[in-house]
Structure formats: structure tokens, C-alpha cells
Amino acid sequence: MKFIDEAIIQVFAGKGGDGVASFRREKYIPRGGPNGGDGGRGGSIYAIADRNINTLIDYRYARMHRAKNGQNGQGSDRYGKSADDIVLRMPVGTLIKDGITGEIVADLVHDQQKVLLAKGGNGGLGNLHFKSSTNRAPRQFTYGEPGQELELKLELKVLADVGLLGMPNAGKSTLIRAVSAARPKVADYPFTTLQPNLGVVRVDYNRSFVMADIPGLIEGAAEGVGLGHRFLKHLTRTRLLLHVVDMSPLNEETDLVHEARALVEELRKYDQSLYQKPRWLVLNKTDMIPAERRDQLCQEFLQKLDWQDKYFIISALTGEGCQLLTYTIMDYLEHHLLPEPEPEPKNPGNSDSDNELLNSC
Ligand SMILES: Nc1nc2c(ncn2[C@@H]2O[C@H](COP(=O)(O)OP(=O)(O)OP(=O)(O)O)[C@@H](O)[C@H]2O)c(=O)[nH]1
Ligand SMILES: [Mg+2]
């Protein structure tokens with residue numbers, strides 16, 4: 001299925017039904033009194049996070065979502081029927097913003113998290129509510145309230161603990177295949193991966209983390225070279241980046257140090273906070289280097305790069321070094337606090353009780 005991570009939709013909650021003014025009229029019952037019922041509530045529109053969905057493609061095609069109006073009240077004390085709500089299913093990681101102001105309406109971070117997007121209008125009151133000792137035959141009634149209408153911008157930023165960053169062909173997809181059950185395509189040409197892939201890395205039966213593989217990035221991505229850098233947004237919610245470097249490039253002239261620096265520069269251009277995220281180096285394809293030269297080559301590279309942080313020497317193809325990598329990541333994630341939570345999402349004119357966290361995972 002095509003991967004779409006942005007969409008603009010319009011939601012229209014239903015209008016409440018009108019109340020009605022009516023009087024009981026029956027043979028032998030003079031002055032039967034008011035019996036006009038209330039209007040029904042208009043349908044509301046909710047969003048619910050569903051971990052079985054991983055793209056916003058549905059919202060590229062269906063942009064308008066309109067709930068029905070409540071029915072009007074009727075005579076003989078009959079209340080109008082309330083309209084059904086509409087529930088829009090979205091991937092976990094969808095950020096919902098007001099399309100005009102850009103304000104965050106909701107951030108769907110848990111499976112089954114349900115939030116109110118647009119509230120249906122309340123039904124109007126029938127004249128039976130206006131009966132009093134001084135007014136026994138009221139003709140007043142009220143109209144139903146309008147439903148909320150909003151334009152919303154949906155933005156999917158996948159939720160993962162660790163993100164893979166690297167030039168095309170560095171072996172990112174091979175790595176996620178080696179350590180998780182994710183099965184992205186792997187091939188010996190650049191830009192094989194065209195959409196993010198998530199994999200659950202299980203280090204023990206009850207210890208796991210989520211890894212995200214994104215399309216490769218090249219120098220000039222900020223200016224649109226290659227696939228550009230728009231996929232970097234899928235790394236913004238990770239806690240740790242793994243910079244995967246191909247230590248045995250096809251072209252032997254490749255300046256690995258220049259490439260590694262260029263990639264980090266793209267990161268900086270994209271977003272300062274992404275640039276400042278903890279980042280470890282993963283030196284891949286070391287099975288291609290003769291064993292006696294492997295350490296020396298890797299050390300030379302690290303020295304030239306002036307690398308001070310953690311690094312791993314692995315082969316995603318043979319799996320060598322991958323277990324140490326995943327255990328170290330798990331340890332790191334367990335011992336480092338989560339980043340500051342994003343600002344509390346605000347719902348347009350809705351009370352908090354409208355937003356239920358049905359079933360956090
Ligand atoms: N020898 C060897 N080959 C590897 C290793 N890791 C990946 N490869 C090969 O390198 C090629 C590219 O691997 P991918 O995993 O598709 O690379 P990628 O970084 O996901 O590439 P893009 O999706 O294009 O960004 C494939 O032919 C892999 O088989 C490794 O550790 N050793
Ligand atoms: Mg790939």
C-alpha cells in the first residue's frame with residue numbers, strides 16, 4: 001500500500017435537531033398542555049489510533065467527513081433521534097493540527113486512543129420544557145445547535161525508539177531484518193527503501209524496542225537531492241539515532257569521512273533537535289574487509305572523523321556484532337529518561353472528558 005504521511009481533511013459534525021412546539025389534542029381532553037419533544041444530538045466526529053494502519057492514504061481520497069444531523073423533536077412527547085458518530089481510524093503516530101491556526105488538536109500516540117475532533121450540536125428544547133405555573137401553554141422552543149466544523153492537517157510521524165540513518169545502500173534495511181521480524185526490501189542499488197519500516201527488536205521475552213528504517217539520505221537532501229529529507233521527520237520522535245556507514249563501498253574512491261560528515265550536516269539543516277539527538281555510529285559490511293585489516297580500517301575512520309561517542313563494528317548480513325548492538329541499545333533505553341513530553345494537545349472547545357484514552361498499550 002502506498003505510504004502517505006500527510007493529508008488535509010475537513011470534518012463537519014452534525015447539527016442538533018430542533019425542539020418543537022406542540023400541544024396535546026385529544027377528544028374530551030381540553031387544554032391538553034404542551035408535548036413538543038427535544039431535537040436529537042448531531043453526530044460527532046472522533047479519531048481513533050489503530051496500530052493496524054500505517055498510512056494516511058485513505059484521507060488523501062476521502063477528505064470530507066460529515067456526520068448526520070440530529071432529528072427534530074415531534075409532538076406527543078417524542079424526542080428526535082440523535083445521529084450516529086463517525087470514527088476515523090488513523091495510524092498510531094498521527095499528529096492532528098488545526099488546518100488554519102496550526103494548533104495541535106491531538107497526538108495519537110497509543111493504540112486505540114480516541115479523541116473528539118468535532119462535537120455534534122446539542123438538540124433544541126421542545127415546548128414541554130417551558131411549562132410553568134404562569135405559562136401553561138408555552139409556544140417557545142429552541143433550535144438545535146450547529147455542529148463544529150474544522151479543517152485539520154494530519155501528519156504521521158512514526159513512533160519508534162531508535163532510528164536508522166545512513167546513505168542509500170549502507171545496509172539499514174538489512175540491519176532491521178537481522179534484528180527484527182520486519183522484512184523491508186533489500187537490494188544492491190540506492191533508494192531501495194521508499195517508505196519507513198518499523199521493526200520490534202526483542203532482546204528478551206519481555207524486553208523490546210522499536211526500530212525505524214527510513215529511506216537513504218544523501219548530500220544535498222535539504223535542497224531536494226535524492227528523495228530529499230522529508231523522511232527525516234520520522235526520526236524526530238526517536239530517542240536514539242544509529243548512523244549506519246558502509247565500510248566497504250562499491251566505489252573504492254569514496255571518502256567515507258566526507259560522506260559521514262555530509263550526512264550529519266543534512267541532519268543539522270533539517271532540524272536542530274534531531275541533530276542534537278544521541279547518535280551512535282554503526283560500521284557495517286565489515287565482513288567484506290579482510291579480518292586482519294578490519295580493526296585498523298575502522299579505527300582510522302573513527303580517528304579521522306574525530307568520533308568520541310559509541311560505535312559498533314558489525315555485519316548486518318552475517319549478524320556479527322548485531323546482538324551486542326541491540327543489547328546496548330536496550331540498556332541505554334532503559335536507563336535514560338524519555339524526552340520531554342510534547343505540549344498538551346488542546347481540543348477545540350471540548351471538555352477533557354470527551355477525550356478518552358480507551359486502551360493505552
Ligand atoms: N557484504 C555485506 N553486504 C551487506 C551488508 N549489509 C547490507 N549489505 C548489502 O548491501 C546492499 C544494500 O543493502 P540495504 O539493506 O538495501 O541498504 P539500505 O541502507 O537499506 O539502502 P536504501 O534502502 O537504498 O537506503 C544489499 O545488497 C545488501 O545485501 C553487510 O553487512 N555485508
Ligand atoms: Mg533500505
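This text describes a predicted model of a protein chain and the surroundings of its ligand. In this model, local features need pLDDT of at least 70 and side-chain atom pairs count only at pLDDT 80 or more, while totals for chains, interfaces and linings use all residues. Residues are numbered from 1 along each chain as its sequence is written, and side-chain values use heavy atoms, with hydrogens and water left out.

The chain contains six helices and 15 strands, taken as DSSP runs numbered from the N terminus (helices H or I, at least four residues; strands E, at least two). Its C-alpha trace spans about 110 × 40 × 30 Å along the principal axes. The radius of gyration of the chain is 29 Å, whereas a compact globule of 361 residues would have one near 21 Å; this radius is taken over C-alpha atoms, and the globule rule is 2.2 Å times the number of residues to the power 0.38.

Ligand 1 is surrounded by 24 residues, the closest being Lys-172, Thr-174, Phe-191, Thr-193 and Asp-287; a residue is near if one of its heavy atoms lies within 4 Å. Helix H2 (residues 172-179) supplies the largest share of this shell, three residues.

Polar contacts (pairs of N or O atoms within 3.5 Å; within protein, one must be able to donate a hydrogen and the other to accept it, and residues adjacent in sequence count only if both atoms are side-chain atoms) can be followed from the ligand. An oxygen atom of ligand 1 lies 2.5 Å from an N or O atom in the side chain of Thr-174. Polar backbone atoms also take part: one of Phe-191 is 2.7 Å from a ligand 1 oxygen, and one of Ala-170 is 3.1 Å from a ligand 1 oxygen.

Technical notes
Chains lettered and ligands numbered in written order.
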